[in-house]
Amino acid sequence: MTAGEFGSLIRETRKSQGMTQPQLAMACGTGVRFIVDLEAGKETCQLGKALLVAQMLGLNVGIAGHR
């Protein structure tokens with residue numbers, strides 16, 4: 001999965017749950033700018049925060065091929 005695909009998944013999931021970017025940012029304790037960058041697929045977004053956002057949206061993140 002690319003950063004862009006991950007960002008799109010975050011955006012689609014957020015919208016399907018009826019949340020705005022500011023609401024998601026507040027729920028995750030991040031800034032709105034981080035959510036905007038994450039959804040845009042910015043590759044330099046902090047992994048820990050990105051995983052926190054995914055978890056807050058109820059997404060399970062795994063590593064393919066990991067044994």
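User: Before I dig in, what is the mean pLDDT of the protein?
Analyst: The model is predicted, and its mean pLDDT is 93, with 97% of the residues at 70 or more.

User: Which elements have the lowest and the highest mean pLDDT?
Analyst: Helix H4, residues 47-56, has the lowest at 94. The highest, 97, belongs to helix H3, residues 32-39.

User: OK, how do H3 and H4 cross?
Analyst: Their axes come within 11 Å and cross at roughly 85 degrees. That angle falls in the 65 to 115 range, so H3 is roughly perpendicular to H4.

User: Which residues meet there?
Analyst: From H3 you have Phe34, Ile35 and Leu38, and they meet Lys49, Ala50 and Val53 of H4. That contact divides into 5 nonpolar residues, 1 charged and no polar.

User: Where does lysine 49 lie relative to phenylalanine 34?
Analyst: Lysine 49 lies over the face of the phenylalanine 34 ring, 5.5 Å from the ring centre.

User: And how many aromatic pairs are there?
Analyst: The count is 0, taking ring centres within 6.5 Å as the cut-off.

User: Switching to H2, at what angle does it pack with H4?
Analyst: Helix H2, residues 21-28, packs with H4 at about 105 degrees, and the axes are 10 Å apart. H2 and H4 are therefore roughly perpendicular too.

User: What's in that contact?
Analyst: Leu24, Ala27 and Cys28 on the H2 side meet Leu52, Val53 and Met56 on the H4 side. The contact has 6 nonpolar residues, with no polar and no charged ones.

Terms used. Residues numbered from 1 in each chain as written. Predicted model: local features only at pLDDT ≥ 70, side-chain atom pairs only at ≥ 80, totals over all residues. Heavy atoms only, no water. Phe/Tyr/Trp six-rings, centres within 6.5 Å; stacked < 30°, edge-to-face > 60°. Lys NZ or Arg CZ within 6 Å of the ring centre and 35° of its normal. pLDDT = per-residue confidence, 0-100. Helix = DSSP H or I, 4+ residues; strand = E, 2+ residues; numbered from the N terminus. Axes fitted to C-alpha atoms, helices over the stretch in contact; angles between N-to-C directions. Parallel < 35°, antiparallel > 145°, perpendicular 65-115°, else oblique. Contact = heavy atoms within 4.5 Å. Nonpolar A, V, L, I, M, F, W, Y, C, P; charged D, E, K, R; others polar.
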